[in-house]
Amino acid sequence: MTHQTHPFPSGTVLGYPRIGPRRELKKALEAFWAGRAEAAEVEATAADLRRRTRTRLAELGLATDLPAIPSAFSFYDQVLDAATVLGAVPDRFADLVDGSGALDLAGYSTVARGRGDDLPLEMTKWFDSNYHYLVPEIGPGTTFRFASDRPVREFAEGLADGVLTRPVLVGPVTFLALAKAAEGSPEGFAPIDRLADVLPVYAEVLRALRAAGATWVQLEEPALVSDSTGVPADRLLAAATEAYRVLATDLPAAERPSILVAAPYGDLRDALPVLAATDVEGLALDLVRGTVPTGSVAGLADKVVVGGVVDGHNIWRADLDAALGGLERLEGLGAHQVAVGTSTSLFHVPHDVEDEPQLDPTLRSWLAFADQKVREVVTLATGVTEGREAVHAELLAAADARRSRAEAPGVVRPEVRERLGGLDATAFRRGEFATRQAAQAERLGLPALPTTTIGSFPQTPEIRVARAAFGRGEISAEQYQDEMRAEVRRVVELQEQIGLDVLVHGEPERNDMVQYFAENLDGFSVTQNGWVQSYGSRCTRPSILWGDVSRPAPITVPWTTYAQSLTPKPVKGMLTGPVTILAWSFVRDDQPLADTANQVALALRDEIADLEAAGTAIVQVDEPALRELLPLRADAHAAYLDWSVASFRLSTSGVRPDTQIHTHLCYSEFGEIFGAIDGLDADVTSIEAARSKMEILGDIAAEGYPRGIGPGVWDIHSPRVPSEAEVTDLLASAVRVVDPTQLWVNPDCGLKTRRYEEVTPSLEHVLAATRTVRDSLAIPTA
Ligand code: MET
Ligand SMILES: [Zn+2]
């Protein structure tokens with residue numbers, strides 16, 4: 001040992017759900033934002049949640065006298081928290097900080113949510129998860145200071161309760177790698193340029209934590225497992241060396257807690273030897289996505305290595321035997337101590353399987369939510385310290401669960417496998433686009449710049465009330481269906497009044513675009529309380545894809561054909577694509593994702609065939625999550641894009657040339673995967689574009705993309721109603737870049753989160769703008 005390391009527990013988790021088993025934090029925050037609760041009430045709810053978390057984790061077997069229990073609470077987002085600690089608040093919110101640079105809960109909420117014309121911090125996906133973080137804005141002039149001692153207070157709160165926790169902070173390299181250059185930054189500036197200026201503040205935080213009694217701190221550095229942060233690899237590695245020289249070497253060990261650098265979501269690769277060569281006392285490795293390093297790694301001899309063998313990102317029970325094997329190999333690397341951990345924080349999974357009494361007991365026996373995963377960690381830690389015999393019964397039970405999973409009816413269905421195995425290349429290919437284009441033009445007779453929407457119309461309180469009543473058995477299936485049909489009729493009439501060209505039924509019957517299909521396909525189950533945080537107070541309830549997938553009966557056909565019966569205009573059928581269904585569910589881990597995606601694709605293919613047979617001329621298959629599952633490592637991109645594009649094509653290639661296939665993409669930057677979008681071979685692609693002022697169109701024009709494209713002309717993420725002039729400008733800029741015969745007109749995304757007060761005038765403006773631009777083109781309208 002070159003210097004003193006504080007004792008570390010034999011088992012730990014990197015983080016735990018923060019929103020509460022019954023979404024208590026969500027409810028408290030939303031009441032506060034709505035003016036129905038005081039900040040002090042939210043603080044009290046949060047303190048209570050933190051206390052319950054500590055108590056629960058201790059009950060489940062994590063140590064309280066060694067820093068096994070993370071102190072990783074957040075009111076909204078951990079990246080915003082780091083910005084708050086560093087005092088890095090954008091200038092437009094400068095009035096919200098007090099004399100010492102701190103934000104109160106109201107100010108913190110405003111930075112997260114915006115006010116009037118002051119836009120909130122931008123939100124984007126956290127690594128390859130479905131969690132969204134807030135993007136810090138850092139410029140050359142951003143001042144950093146130790147502005148919020150919240151992490152210190154929360155640590156002290158645990159200590160006062162008799163629990164020695166381990167504070168968790170986003171590390172300096174990741175914080176800067178995920179930040180964006182503040183507006184007005186000079187060309188070539190990158191936030192990582194400010195590393196030397198944030199490190200002294202991190203050092204102060206570490207000193208304060210030590211003074212409060214913390215023995216270990218966890219600094220999260222997932223940027224080091226990714227090629228996708230925009231910071232070149234050599235720059236990231238140099239930053240890691242510099243950061244941990246300043247924090248671990250220059251700052252003497254006696255003046256700070258021991259440092260655990262955590263690298264969730266993947267393999268450190270070249271960053272492992274770099275981190276191992278620093279004086280940090282511990283490294284947490286993701287051994288679910290990554291592997292145990294082979295060969296020797298210099299510098300591990302005086303370090304604690306946390307082997308993240310329990311998957312923090314999915315819900316299946318661990319293969320405890322294999323996990324122990326991995327930990328044994330890890331011990332072979334000669335670290336000072338090997339501890340057991342989760343691969344990532346557990347905030348990606350729900351709290352407790354016991355909260356799902358309605359789930360099939362066999363399925364339930366295969367699952368591990370956060371609490372079950374803590375038990376797995378504790379079991380494995382016993383196995384490591386006392387030997388396999390000490391946990392013999394637990395190993396057997398885990399093996400039994402896996403066997404039951406492999407053998408249970410529905411997990412492997414020969415008819416599904418045979419059908420997939422029997423496919424040849426033609427199942428993935430449509431005919432020539434030119435032929436399709438001519439046939440579709442003839443069948444549809446649409447005007448230039450056809451107008452449409454993305455699918456959903458507002459989910460009104462009445463719809464939600466009816467769905468809840470139906471769920472509770474208070475109204476019959478017929479009553480529910482009648483109410484939804486009445487809504488479809490209203491939506492169709494509204495679209496006709498506004499003058500849209502291609503109509504939708506409005507999706508009132510869908511609670512969620514993935515769960516709806518999960519509920520109607522074999523191979524899926526849905527939970528009652530399985531909420532996970534998506535961003536801020538928003539949660540989703542991912543479905544569980546556990547078995548071979550097939551479609552027992554048509555799903556959307558009755559809704560689409562009913563809508564079509566009400567209007568002579570074409571009504572688009574609406575489906576969610578295979579990649580998005582996978583991305584927003586907990587997916588089986590016992591076969592390649594590509595195979596699972598193709599099973600979903602075949603079920604959708606059948607649905608599309610039924611829609612086509614029922615007379616539907618246009619079918620849209622949404623793939624908003626196509627970019628989200630893109631692997632963090634560049635060398636894995638090609639294989640991913642191959643199977644994801646193939647599954648979309650498998651779902652859509654069974655149609656006649658005169659049936660028009662649309663797809664819809666949103667939520668992220670698609671420029672990077674433009675080739676894949678082209679590869680989908682959809683006749684028309686609608687894509688989020690309003691906020692970026694149609695940036696994507698440049699790529700499209702440059703690539704010579706031949707098919708239809710509908711760049712969003714209305715940013716539906718805010719309640720703002722765009723003016724007719726604004727939409728006209730966007731469309732006018734679009735027709736300058738793209739051949740007008742390819743152009744469609746639509747909003748950025750579905751309208752389900754908006755209200756009719758916004759939707760009706762916005763769509764009217766879109767239609768008026770379209771007429772203006774059509775006239776200016778002098779293309780005859782049909
Ligand atoms: C997140 S993409 C949403 C697409 C879906 N068809 C909707 O309009 O809601
Ligand atoms: Zn969308």
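Leu-195, Leu-199, Tyr-202, Ala-203 and Leu-206 of helix H7 meet Ala-239, Glu-242, Ala-243, Val-246 and Leu-247 of helix H8. By class, the residues of this H7–H8 contact are nine nonpolar, no polar and one charged. The model is predicted.

**Helices H7 and H8**
- H7 spans residues 195-211 and H8 spans residues 233-250.
- Their axes come within 9 Å and cross at roughly 40°.
- The crossing of H7 and H8 is right-handed.

**Helices H1 and H2**
- H1 covers residues 24-33, and H2 covers residues 39-59.
- The two pack at an angle of about 170°, with axes 9 Å apart.
- Angles over 145 degrees count as roughly antiparallel, so H1 is roughly antiparallel to H2.
- H1 contributes Glu-24, Leu-25, Ala-28, Leu-29 and Phe-32 to the contact.
- H2 contributes Ala-39, Glu-41, Val-42, Thr-45, Ala-46 and Leu-49.
- The residues of the H1–H2 contact divide into eight nonpolar, one polar and two charged.

**Helices H21 and H22**
- The axes of H21 (residues 593-613) and H22 (residues 637-652) come within 7 Å and cross at roughly 20°.
- Angles under 35 degrees count as roughly parallel, so H21 is roughly parallel to H22.
- The H21–H22 crossing is right-handed.
- On the H21 side, the contact residues are Ala-594, Ala-597, Asn-598, Ala-601, Leu-602, Leu-604, Arg-605 and Ile-608.
- On the H22 side, they are Trp-643, Ser-644, Ser-647, Leu-650, Ser-651 and Thr-652.
- The residues of this contact comprise eight nonpolar, five polar and one charged.

**Ligand 1**
- Residues surrounding ligand 1 include Ile-454, Gly-455, Ser-456, Met-513, Met-574 and Asp-622.
- Pro-624, His-664, Cys-666, Cys-749, Gly-750 and Lys-752 also belong to the shell.
- The shell around ligand 1 has six nonpolar, four polar and two charged residues.

**UniProt binding-site annotation**
- An unreviewed UniProt entry lists Ile-454, Gly-455, Ser-456, Glu-507 and Asp-622 under "binding site".
- These residues are spread over 169 residues of sequence, yet they cluster in space, with a largest C-alpha distance of 13.0 Å.
- Ile-454, Gly-455, Ser-456 and Asp-622 of this annotation are also among the residues surrounding ligand 1.
- Glu-507 lies in the loop between helix H17 (477-498) and helix H18 (515-520).

**UniProt domain annotation**
- The unreviewed UniProt entry places "domain: Cobalamin-independent methionine synthase MetE N-terminal" at residues 12-331.
- Over residues 12-331, the chain is 37% helix and 13% strand.
- The end C-alpha atoms of this stretch are 17 Å apart.

How values were computed: Residues are numbered from 1 along each chain as its sequence is written. Chains are lettered from A and ligands numbered from 1 in the order in which they are written. This is a predicted model: local features need pLDDT of at least 70, side-chain atom pairs count only at pLDDT 80 or more; totals for chains, interfaces and linings use all residues. A residue is near a molecule or strand if its C-beta atom, placed from the backbone, lies within 6 Å of it. Ala, Val, Leu, Ile, Met, Phe, Trp, Tyr, Cys and Pro count as nonpolar, Asp, Glu, Lys and Arg as charged, and the others, Gly among them, as polar. Axes are lines fitted to C-alpha atoms, for helices over the stretch in contact, and angles run from 0 to 180 degrees between N-to-C directions. Helices (H or I, at least four residues) and strands (E, at least two) are DSSP runs, numbered from the N terminus. Angles under 35 degrees count as roughly parallel, over 145 as roughly antiparallel, 65 to 115 as roughly perpendicular and the rest as oblique. A crossing is left-handed if the near helix is turned anticlockwise from the far one by less than a right angle, and right-handed if clockwise. Two residues are in contact if their C-beta atoms, placed from the backbone, lie within 7 Å. UniProt positions are given in the numbering used here, feature names are shortened, and annotations may be inferred rather than shown by experiment.
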